[in-house]
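The entries follow in the order in which I made them.

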Amino acid sequence: MSVSQPSQTMEHQLFFDVIRERRSVRSYDPEIKISREELTEILRQATLAPSAANLQPWRFLVIDSPELKQKLLPIAFNQQQVVEASAVIAVLGDLECYKLAEKIYGMAVNAGYMPAETAQSFVERYIGMYSSMSPEAIRQIVYTDGGLVSMQLMLVARAKGYDTVPMAGYDQTKFVEAFDVPERYAPVMLIAIGKATKPGHPTVRLAVDDVAFFNEIPME
């Protein structure tokens with residue numbers, strides 16, 4: 001107990017440091033390249049995020065080609081981080097994610113996490129549920145899950161010494177056209193990733209008393 005407790009405390013502190021040190025960075029060193037292997041590892045860790053029914057609807061288009069970043073630049077309203085960052089990750093939501101239910105739950109069976117009968121019942125349930133949902137309802141689910149994985153991606157990047165900025169400021173229609181994104185995938189956001197040349201601006205946050213209510217919301 002006396003050996004493990006300090007170690008756990010240090011790990012917790014490092015986690016809180018990552019949260020505090022994450023900033024939205026808009027100035028990057030264009031000479032810094034992140035290897036495909038490291039980008040893949042960052043994405044692997046990010047995909048440990050939770051998702052509805054564990055259907056993991058996130059998909060990623062990683063843009064690290066200088067030519068394609070230049071192509072993206074006007075679509076992102078000429079924000080320089082697009083071309084200066086090591087890569088821009090387009091987070092997409094798969095509106096047909098339920099089609100992978102059998103594969104996902106089959107993997108859970110193979111890993112010994114659930115009986116085959118339970119997995120099959122989940123597959124049938126979620127395929128039926130998603131097949132009957134409106135496109136708007138499915139879109140809301142993938143946006144929520146896309147936000148979860150995006151935040152996790154940015155924290156993983158910070159833990160590895162990289163900087164990020166989430167970007168909603170781009171023309172989604174032109175992005176879909178320019179990068180041949182099938183209708184199956186809904187753009188959630190862009191995330192620039194690289195090494196900062198200028199730190200992100202310090203920010204302020206509302207007090208918890210301003211944003212959290214216990215048991216009931218006060219009348220204004």
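**Entry 1: the cavity.** I began with the lining of the largest cavity, which consists of Arg22, Arg23, Met154, Arg158, Tyr162, Asp163 and Thr164. The model is a predicted one, in which local features need pLDDT of at least 70, side-chain atom pairs count only at pLDDT 80 or more, and totals for chains, interfaces and linings use all residues. Residues are numbered from 1 along each chain as its sequence is written, and side-chain values use heavy atoms, with hydrogens and water left out.

For the search I used a 1 Å grid over the protein atoms alone: a cavity is a set of points where a 1.4 Å probe fits but cannot get out, a pocket is an open set with protein on both sides within 12 Å along at least five of seven lines, and lining residues have an atom within 4 Å of a point. Grid points are joined across faces, edges and corners, and a volume is the space filled by probe spheres set on the points.

I recorded 1 cavity of 30 Å³ or more, and the largest cavity holds about 30 Å³. Helix H7 (135-159) and strand S3 (163-167) each give at least two residues to its lining; helices (H or I, at least four residues) and strands (E, at least two) are DSSP runs numbered from the N terminus. By class I noted 2 nonpolar, 1 polar and 4 charged residues in this lining, where Ala, Val, Leu, Ile, Met, Phe, Trp, Tyr, Cys and Pro count as nonpolar, Asp, Glu, Lys and Arg as charged, and the others, Gly among them, as polar.

Entry 2: I then turned to the largest pocket, with about 330 Å³ of space. Its lining has 13 residues, and Asn54, Leu55, Gln56, Ile104 and Met107 lie nearest the centre. Strand S1 (58-63) and helix H5 (101-110) are the elements that give two or more residues to this lining. H5 contributes the most, with 5 residues. I noted 8 nonpolar, 3 polar and 2 charged residues in the pocket lining.

**Entry 3: salt bridges.** I found 8 salt bridges in the whole structure, each being a side-chain nitrogen of Lys or Arg within 4 Å of a carboxyl oxygen of Asp or Glu. Aspartate 17 and arginine 20 form one of them, at 2.8 Å from N to O. Both residues lie in helix H1 (residues 4-21), 3 residues apart, about one turn of the helix. Arginine 20 has 48% relative accessibility and is therefore partly exposed (buried means under 20% relative accessible area, exposed over 50%, partly exposed in between; 1.4 Å probe, protein chains only).

Arginine 59 meets aspartate 94 with the closest N and O atoms 3.0 Å apart. Arginine 59 lies in S1 and aspartate 94 in strand S2 (residues 87-94), so this pair ties together parts 35 residues apart in sequence. Aspartate 94 counts as buried because its relative accessibility is 1%. I also recorded a network of salt bridges that links Arg59, Asp94, Glu96, Lys99 and Arg184.

**Entry 4: strand S2.** How many residues of S2 are buried? I counted 8 of its 8 residues as buried. Ala87, Ile89, Val91 and Gly93 point one way from S2, and Val88, Ala90, Leu92 and Asp94 the other way.

S1 and S2 run antiparallel and are joined by 6 bridges; strands pair if DSSP finds at least two bridges between them. S2 and strand S4 (residues 185-194) also pair in the antiparallel sense, over 8 bridges. I noted valine 88 of S2 as the bridge partner of isoleucine 63, and alanine 192 in S4 as the bridge partner of valine 88.
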